[in-house]
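Please look through the model below before reading the notes. The points that follow are numbered and can be read in order.

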Amino acid sequence: MKNIVSKIMLLAFVLTLSNSCSESSYDDKFLDPSKSTTVDFGNLAVGTNLYSREWAMSTYGRFFGWESQVLMKQANTVGITLDPAVFYALEGYTDGMPPLGELSKMIASYKFMESLYADMDESEKNANKVYLLAAETQLYAFTVYIVSIFGDIPFDEVGQVSVTGDVSLAHPHYQDDQEIISTILDRLGVMNGEWAAITTTPGSFSQQDFINKGDLDKWRRYNNSIRLKTALLVSTQGPLASKGQGVIGEILNNSSANPIIETAAHNVVMAQVNISGSALDINGGSGFDWTNQRIAATEIIKRMQVTGDGGVWSGEGLLTDGTPVTGQTTDDPRLPIMFCLATVNGEFAVLTKEEEAVDPETPKNGKAVPTVFRGSCAAMDPDLWAEFLYPSANRAYFSYIRVNGFFKDNRNWDNPIITSAEVKFIKAEAYERGWAAGDAKATFKEAVKESIQLYFKYQNNRSVTETSYATGSSSTSFSFKWVINPDQTVYNDAWIDAFTEARWTSRVNGETYAGGSIEAILEQKWLHYGYMYAGEQWANLRRTGYPRMYYQRDIELTAEVPFPANRNRYPESERNNNQNFQAEVGSQDNWSDVLFWARPDWHDGPTW
């Protein structure tokens, strides 16, 4: 190898320039390529892939500072509050939290890996190719997420200082998002063959690979599934639609040459890892700190319950005090796993079984029924927002994301990146649109079944349960009270088959889908993501307009974003630190422009 020391020093300089808001404890626990004193390609691969944690894992920055305060509100997947606005949080909380800075670090680290690899002899290249491919696959998965939210980003020129020594490239130029996605689609296609050609790996690979544990078949399936998912993003409209549809057909019509994630055993996760004696310990939903971030979403509840938002649970399960809950078992069993029952309009949860009517015009004068789920969303009448949500005690009227449930505060959460359920939803849409040959309905039913089973799996494996009530006046205690744990023996294969058969034509409340089977697929996909994958929901809504939802205008005079955004603005640090920003993307740094792959009419509410 040539100039190793100088390249390491240059990489350290590049990563110092990169803007980010990562947690400092991570840097203490893991191998940082900018601090390496020796070149170990496996260590570099570990460090490179760890930069994707703010996208792939349930980190504090992702859920506290970014997705719950921005994307989830705009995707109607958490309840809306007016603290400080409906569709966006104050930039003081969110600036730097979007993992754009972490992506820049990952790109720079990967480019460094590429430059070292180019200096190797053939035997070294053969031994280390798998590390380079693993980092490249993860990089592209992360990149597509960022591009789908911001559009044009710096890409090809990122990290070139460490490779070329040209300090002028410390301010990389922005690259067209169409070009980035088109290149990724092509490159992942080539990488499918490169993954297939690898037959042996270094002995250390399985220990250092904290994503797929050295499983080459899973890496190849992951590679092709990311390509499939990326193709779907651009397939419904825009200049890359034809290319996207072609890639989808190429993959799905020749599965032997293009293996993808097919079963739960193929699921790709970034589980808790232990490297050099230090564990990256990130429990589920670690950033859901504030109660106003955890209010249930009306739009989710009303699509999972026969009686809709504010209705009585119609299913099988037990309250935490042992009271049996029985009914027609028609409601979606994922609902009580995600949310707690609504309690009262006050600081203390009610511990009686009496049901008292609630006047929707004056909710503070009544109690919530202790067997209902109720949420808030962007379709709520603006005049009722303050009535329902102020003072903070009134928020108890709503259901909350469960604490000590399948996600929030679950230390056994393994941070799924892409699952067989998600891939089956992609396949079902492709089949229904005629882009590949397959049974859309059967695949849809399998997708919903696997989603339910995945929720049950995490519910059963959670690290803590609500065996004891929380006490005190804090509204956080509501998350521990009045929960339903569905009797999973009721939801057997026969029940799920009937449930999914019905969902192909109608919602649980009997309404037919205005958008037909395509809306059925996309609505259930949106529900599968729940509140864990707001970036995926955000993009799917804008790509398809399904599930169809209404958004009120934020009537506050100081509203930073009065309507749900068509795209998101770049973080302040990007505007200030890259001297190419204003000339190249300053004109599109707004919330109103429609990204090239998206629909301008993706919702029914007032628009820009």
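A salt bridge, as used here, is a side-chain nitrogen of Lys or Arg within 4 Å of a carboxyl oxygen of Asp or Glu. This is a predicted model, in which local features need pLDDT of at least 70 and side-chain atom pairs count only at pLDDT 80 or more, while totals for chains, interfaces and linings use all residues. Residues are numbered from 1 along each chain as its sequence is written, and side-chain values use heavy atoms, with hydrogens and water left out.

1. The structure holds 32 salt bridges. One of them joins the side chains of K129 and E194, at 3.4 Å from N to O. This pair links distant parts of the chain, with K129 in helix α8 and E194 in helix α10 (residues 177-197), 65 residues apart. Helices (H or I, at least four residues) and strands (E, at least two) are DSSP runs, numbered from the N terminus. E194 also forms a salt bridge with R187, where the closest N and O atoms are 2.9 Å apart.

2. A second pair. K445 and E501 meet through their side chains in a salt bridge of 2.9 Å, N to O. Here too distant parts of the chain are linked: K445 lies in helix α18 (residues 440-460) and E501 in helix α19, 56 residues apart. Is K445 buried or exposed? K445 is buried, because its relative accessible area is 14% and buried means under 20%, exposed over 50% and partly exposed in between (1.4 Å probe, protein chains only). E501 has 35% relative accessibility and therefore counts as partly exposed. Elsewhere, salt bridges that share partners join E299, K302, R303, R507, E511, E519 and E523 into one network.

3. A buried arginine. R503 belongs to helix α19 (residues 493-503). R503 is buried yet has no salt bridge, and the nearest side chain of opposite charge, D332, is 7.0 Å away. For charge, Lys and Arg count as positive and Asp and Glu as negative, while His and the chain ends are not counted. What does R503 touch, not counting residues up to four places away in sequence? R503 touches F444, V508, Y513, A520 and Q524, contact being heavy atoms within 4.5 Å.

4. Nonpolar cores. A nonpolar core is a set of buried Ala, Val, Leu, Ile, Met, Phe, Trp, Tyr and Cys residues joined through side-chain atoms within 4.5 Å. The largest has 152 residues, of which F339, F406 and Y531 touch the most other members. Helix α8 (residues 122-150) gives the largest share of this core, 16 residues. Apart from it lies another core of 5 residues, including I295, M380, Y397 and F398. Leaving aside neighbours within four places in sequence, Y531 is in contact with residues including F63, M72, F288, M338, F339, F406 and F407.

5. Cysteines. The structure holds 0 disulfides (pairs of cysteine sulfur atoms within 2.5 Å). C340 counts as buried because its relative accessibility is 0%. C377 is also buried, with a relative accessible area of 4%.

6. The sheet. In the order β7-β6-β9, 3 strands form an open sheet with antiparallel pairing. Its edge strands, β7 (324-325) and β9 (485-486), each pair on one side only. Two strands pair if DSSP finds at least two bridges between them. Strand β6 (residues 317-318) is joined to β9 by 2 bridges, and the two run antiparallel. G317 stands opposite P486 in β9.
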